[in-house]
Amino acid sequence: MNLILSVPHGGSMEPKDIPDREAGCWDAKASSCIFSHECPPGSIQNHKKCKVSTNQDRYTIDVAQALAEEINKITDGFFPHIIINNLQRLKMDANREKEEASFGIPQAEQAWEEYMGFLTTAKSQMRGGLILDIHGQAHPEQWIELGYTLSKTSLNSGVFSASHSSISHLASQLVNVSSEALIAGNRSLGKYIEEQNNSYVCVPSPSNPSPNNGSYYSGGYITKTFGSRNSGTVDAIQIELPQWVRAAEERPRFCKALARAVMKFWQTNYCSQHNHEFLPC
C-alpha cells in the first residue's frame, strides 16, 4: 500500500547506555548550537538558545496501530507501512536532524539512521504515495493541526502555493485544483476529517483556513525531508493530535473517523490521477 504511518515521538524505552538529551552548547562566535553532552571549548550549555524537546507524544503508537487496522478493514486487506521509534524522545528524537536527535551518542545515531532507513526503504517501494507523520500536542485550542511545511504566516496571509508544500507532487498532478482547495478547502484532509465529526476541528480546513493567533505546528524534519516539497513523488502531512482524541475513551472512534477521512482524501485526490498501481482506487 502506498501509505506510510510514521510515529517518531511515541516511544517509552529509556536504555541506560544512552544519556538523556539536555540543552545543547551555544557557540557565541559562530552564533550556533552544538548538540553534544560535552561542550567544546568556546561554547557553553544554553537552555534558552539551544533548548531541545524531550516530551513523549503519548498514545501516538496506539493511534497509528488503530488507524492501520481501520484502513485495513475499509480497504478489504490493504495495510500501510508503519514506522515506530520505540526510544523515548529524551534519548533520541527521530524528527530532528541527526546531531540534535542523537547528541553524538553512537547507539542513538544508529537508531536515528535505522528510522530514516526504514522510511527510505518504504518510500523506495512506492512510485508515489503519502506519509502521515503522527504527533501529539497540548495546545490550548485542542484542535488537529495538519502541517504541510507552510508557515503560520503564509496560511494567515492566504497567499501560499501547494507547489511549495510537502504535498507538492500531488499539487503538480492536480492542475485544475487550487492550492487553497487542496490545503484548506473542499479537497483538503482537514475537510474530510471534519466531515466525519465536526468536533474534530482541524487547521487548515474550510472551518479554519488558517491558525490566526492560535497555536500551530507547520511540519518538522520528516515532513520536510521525506515529503515532496523539494523533490520526489511521495507526499507528506504532519498530523498533530490534541490529547483528547488520543485518550483511550475517544481513540477508537477517532481512528475510525481518521481512517475514513484519509481514504476519502486518497480516493478524491490520488485516484483521480488514474494511477491504479496506487492503493485501492
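Residues are numbered from 1 along each chain as its sequence is written. In this predicted model local features need pLDDT of at least 70 and side-chain atom pairs count only at pLDDT 80 or more, while totals for chains, interfaces and linings use all residues, and side-chain values use heavy atoms, with hydrogens and water left out.

Reader: In what order do the six strands of the open sheet stand?
Author: Strands here are DSSP runs of E with at least two residues, helices are runs of H or I with at least four, and both are numbered from the N terminus. Two strands pair if DSSP finds at least two bridges between them. The pairing in this open sheet is mixed, and the order is β5-β1-β6-β9-β7-β8.

Reader: Why is one side of β5 and of β8 left without a neighbour in the sheet?
Author: β5 covers residues 81–84 and β8 covers 202–203. One side of each is left without a neighbour in the sheet because both stand at the edges, each with a single partner strand.

Reader: What angle does the direction of helix α7 make with that of β7?
Author: Helix α7 (residues 189–196) packs on the sheet and touches β6, β7, β8 and β9, where contact means heavy atoms within 4.5 Å. Axes are lines fitted to C-alpha atoms, for helices over the stretch in contact, and angles run from 0 to 180 degrees between N-to-C directions. With the direction of β7, that of α7 makes about 155°.

Reader: How many of the residues of β6 are buried?
Author: Buried means under 20% relative accessible area, exposed means over 50%, and partly exposed lies in between, with a 1.4 Å probe and protein chains only. Gly 129, Ile 131, Asp 133, His 135 and Gln 137 point one way from β6, whereas Leu 130, Leu 132, Ile 134 and Gly 136 point the other way. The number of buried residues in β6 is nine of nine.

Reader: What is the bridge partner of Ile 134 in β9?
Author: β6 and β9 run parallel and are joined by nine bridges. Within β9, the partner of Ile 134 is Ile 239.

Reader: Which element gives the most to the lining of the largest pocket?
Author: A pocket is an open set of points on a 1 Å grid over the protein atoms alone where a 1.4 Å probe fits, with protein on both sides within 12 Å along at least five of seven lines, and lining residues have an atom within 4 Å of a point. The largest pocket is lined by 28 residues, of which Asp 57, Arg 89, Gly 136, Gln 137 and Tyr 217 lie nearest its centre. Elements that give two or more residues to this lining are β6, α8 (221–226), β9 and α9 (243–246). With three residues, the element that gives the most is β6.

Reader: What relative accessible area does Phe 226 have?
Author: Phe 226 lies in helix α8. Leaving aside residues up to four places away in sequence, Phe 226 touches Met 116, Leu 119, Thr 120, Lys 123, Ile 131, Tyr 221 and Val 234. Phe 226 counts as buried because its relative accessible area is 7%.

Reader: Is Thr 75 buried or exposed?
Author: Thr 75 is found in the loop between α1 and β5. Not counting residues up to four places away in sequence, Thr 75 touches Met 263 and Pro 280. With a relative accessible area of 8%, Thr 75 is buried.
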